[in-house]
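Thanks for coming. I have one structure to go through today, so please look at the screen.

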Amino acid sequence: MTILVTGGAGFIGANFVIDWIAAGGEPVLNYDKLTYAGNLENLASLKGNNRHVFEQGDIGNFEHVRKVLAQHQPRAVLNFAAESHVDRSIASPGAFIDTNIVGTYRLLEAVRAYAGELSAADKAAFRFLHVSTDEVYGSLDAKAPAFTEEHPYQPNSPYSASKAASDHLVRAYHHTYGLPVVTTNCSNNYGPYQFPEKLIPLMIHNALVGKPLPVYGDGQNVRDWLYVGDHCTAIRAVLERGALGETYNVGGWNEMKNIDVVHTLCDILDAEKPKDVSYRKQITFVTDRPGHDRRYAIDARKIDKDIGWKPKETFETGIRKTVRWYLDNQSWVKNVTSGAYRDWVTAQYK
Ligand code: NAD
Ligand code: DAU
């Protein structure tokens, strides 16, 4: 048996594939388009491991996905592939519509055709797991209760609107065609292999190269932070024990203001790699993100109660491991921050 992972050369997908193989799971077919965010260097530890097969391809290519499914006969498809960066979706939404909406639709069509050809027993065991985000629920006031799975969808950015559309399509394919789906809606991840356009790796990188640490607006926006390894165990648990057609919120019970995250990073770097002055001196408040969601918070009681999943890392333990990883993997950072990355940073922070 095999599982098919889409987007497995990106940040969360690569962490998932590495953890899955380390835990002795079935062979993985890793299907990834290798956009700017996809990086085979993330999978270097699996080189020569015949339980990991990489296939370059686009989830929007129905014929190719059909061929790959027929060839590898997976017992599950886990869809991580997406355009994932909110700022890029504001700058140019087109790729988000193409991959997150049209791509997910074409992937679902290919999977529906494949599942239709399985025996009754194989079809009953088959799963399509869709990896989504808490951003589909919109923004919370300071004192509002955290998002439950019943919270109405109110996406505010082109990214979150495209993910919301993909969630609705997944739901509809279950309701209409009986496709055996489960969906996860997770909060902000951090950890190894995260591309340094997202808050935490960008701040670590800029701090180390002596650049400003650009905090949007007043820095009071709140996110819930989850260590990526915990997200991976949640996905495994939902794949094994999730109820068909259900959605599960995944979160770290760890709400923090952006400015507090940045202060924490500066303090860890001050201890790990001290300079004459604190890294806090590099903090610069910059123009806010248009339509910037004020607060996300995840109520993760359902996945705990129904499936028995809880995060293992606290923010204190996870963020220290993460800073250590970036300090120890500067050649990875150097490779991903060359070339096109520079053009993005110049345009975004001009
Ligand atoms: P990422 O941007 O790091 O990686 C995305 C991967 O998908 C890349 O390897 C890319 O090459 C691939 N990809 C993009 N378009 C594709 C296409 N058309 N066909 C095949 N592959 C394609 O993203 P990430 O942060 O690892 O997020 C993975 C998933 O988790 C996304 O669906 C995202 O919406 C969701 N998510 C992310 C977070 C987070 O904090 N990063 C939190 C909750 C949910
Ligand atoms: O909530 C889950 C989502 O988290 C995922 O679905 C997305 O794929 C992922 O990118 C992430 O979205 P955010 O927009 O919350 O993440 P980002 O790291 O871009 O920003 C986190 C917060 O930090 C946000 O409030 C904006 C702020 N920020 C970000 C950057 C890049 C800054 O203040 N300065 C920055 O330079």
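How do α7 and α11 lie relative to each other: roughly parallel, roughly antiparallel, roughly perpendicular or oblique? Before I answer, the ground rules. This is a predicted model, where local features need pLDDT of at least 70, side-chain atom pairs count only at pLDDT 80 or more, and totals for chains, interfaces and linings use all residues. Residues are numbered from 1 along each chain as its sequence is written, chains are lettered from A and ligands numbered from 1 in the order written, and side-chain values use heavy atoms, without hydrogens and water.

Back to the helices. Helix α7 covers residues 199-209 and helix α11 residues 315-328; they pack at about 50 degrees, with their axes 11 Å apart. Angles under 35 degrees count as roughly parallel, over 145 as roughly antiparallel, 65 to 115 as roughly perpendicular and the rest as oblique. The two helices, α7 and α11, are therefore oblique.

Now ligand 1. It is surrounded by 29 residues, the closest being I12, D32, S84, Y159 and K163; a residue counts if one of its heavy atoms lies within 4 Å. By class, that shell has 12 nonpolar, 12 polar and five charged residues, with Gly counted as polar.

A nitrogen of ligand 1 is 2.9 Å from a side-chain N or O atom of D58. An oxygen of ligand 1 is 3.1 Å from a polar backbone atom of F11, and a backbone N or O atom of F80 lies 3.1 Å from a ligand 1 oxygen.

Notes: Polar contact = N/O pair within 3.5 Å; in protein donor to acceptor, adjacent residues only side chain to side chain. Axes fitted to C-alpha atoms, helices over the stretch in contact; angles between N-to-C directions. Helix = DSSP H or I, 4+ residues; strand = E, 2+ residues; numbered from the N terminus.
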